[in-house]
Amino acid sequence: MLLLVSVFDNAPFWNGYVNYQLALLLFAAWLLLPPARRAEAGPILAFGLLIFFSHAAVFAAFCILVGVRGLLRQRVAAAMLGLAPGLLLGLWYALAGTGVPAEPGAGLGSLGAFLAYKAYTVAKLGPYHNFVFATGGDEVLRPALYWGGALVNLAYAALLAAALGIGLWRGARSRAVSASAVLAALLLLAGFLALPRVAQHVINPGERLLIPGLLALLLAVPLPSLALRPLAALGGLALAANLLVLATPGERWATPVHFRDMAAMGGARALFRHRPTSFACKWEELRHSETTGEAPRLPISFRTSLLRTDADPFDCPAPKAP
């Protein structure tokens, strides 16, 4: 239940980050290999390339884990041979001029606001999600569910931190914990804390390192069952509430809601929110293009990779009349 809620059915999943979720699945599959296989250059090469072509942040997490294991277990040559193709591709990617200017006002001002944002990101590991449609999110339509869900996420994050702390303490005493996994996870959590709110037009890049670090810890430390039971109960109840909200029929699916309009959907207090219909206009434009034979007017949604666009990447004009 912890893996389902925090790693695989998490906030990036509901935001539609399919490539990131695919990379997480590959990263998890790598962690399930026998330790001896994880030390060989061949599996490192295969998983490294697959993860590299899925998502850069998870590839960085993979490199950190493999590198730390190689150093601590004196298998540096195999680690470097396996990682070399992906690292060379990453170097070519960086030298190809793929960067975009930083967004103005990307900082959070004070240290307190920055730390509060990091704490909120940790709370997003919880199972409650606030889905924003044309009619608004839970804060507008179901205030009791919204505030109850926010409390569930805070309680879940606190229990999860306590469970991991107890697990690390027990593992250190009994030497039943992988030192390389713990060290790599701590490095990833340090990266999560250090990264800004926005980097290269990526919102909350630190979250992309937090989740692989959490996954490595969950699989590396002996977790206490006393903490796992309430975590599983909170996760199950909140997931049921999420599915109930999504299954409720209504007109809210008909009108796309852009991230630009989300500030009006409940104000600044509307946290844990996702926009399932945010880019529905892209689909409508493709349908219109298929019917009329006209070229689509909408550009790609995100300026990324080696693809370029001079148009507003989030512009969604009203569909033409058929």
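**Salt bridges and a surface patch**

R142 is partly exposed, at 26% relative accessible area. Keep that residue in view. One reminder before I go on: this is a predicted model.

What does R142 pair with? Its side chain meets D138 in a salt bridge, 2.7 Å from N to O. D138 counts as buried, because its relative accessibility is 1% and buried means under 20%. The general idea is simple. Side chains of opposite charge can pair when their charged atoms come close.

How many salt bridges are there by this rule? The count comes to four. I'll show you two others.

Take K124 and E207. They form a salt bridge, and the closest N and O atoms are 3.4 Å apart. Now look at where they sit. K124 is in the loop between α8 and β1, and E207 is in helix α12. The two are 83 residues apart, so the pair links distant parts of the chain. K124 is buried, with 14% relative accessible area. E207 is buried too, at 5%.

Next, E207 and R208. Their side chains meet in a salt bridge as well, at 3.9 Å from N to O. Shared partners join K124, E207 and R208 into one network. R208 is buried, at 10% relative accessible area.

Now the surface. Which residues form the nonpolar patch? They are L71, V76, M80 and L87. Together they have about 370 Å² of accessible area. Helix α7, residues 76-95, gives the most to this patch, with three residues. V76 has its place in that helix. V76 counts as partly exposed, at 39% relative accessibility.

Technical notes. Residues numbered from 1 in each chain as written. Predicted model: local features only at pLDDT ≥ 70, side-chain atom pairs only at ≥ 80, totals over all residues. Heavy atoms only, no water. Patch = residues over 30% accessible without salt bridge, like charges linked within 9 Å, V, L, I, M, F, W, Y side chains within 5 Å. Areas by Shrake-Rupley, 256 points an atom, 1.4 Å probe, with all protein chains shown as cover. Helix = DSSP H or I, 4+ residues; strand = E, 2+ residues; numbered from the N terminus. Buried < 20%, exposed > 50% of the residue type's maximum accessible area, 1.4 Å probe, protein only.
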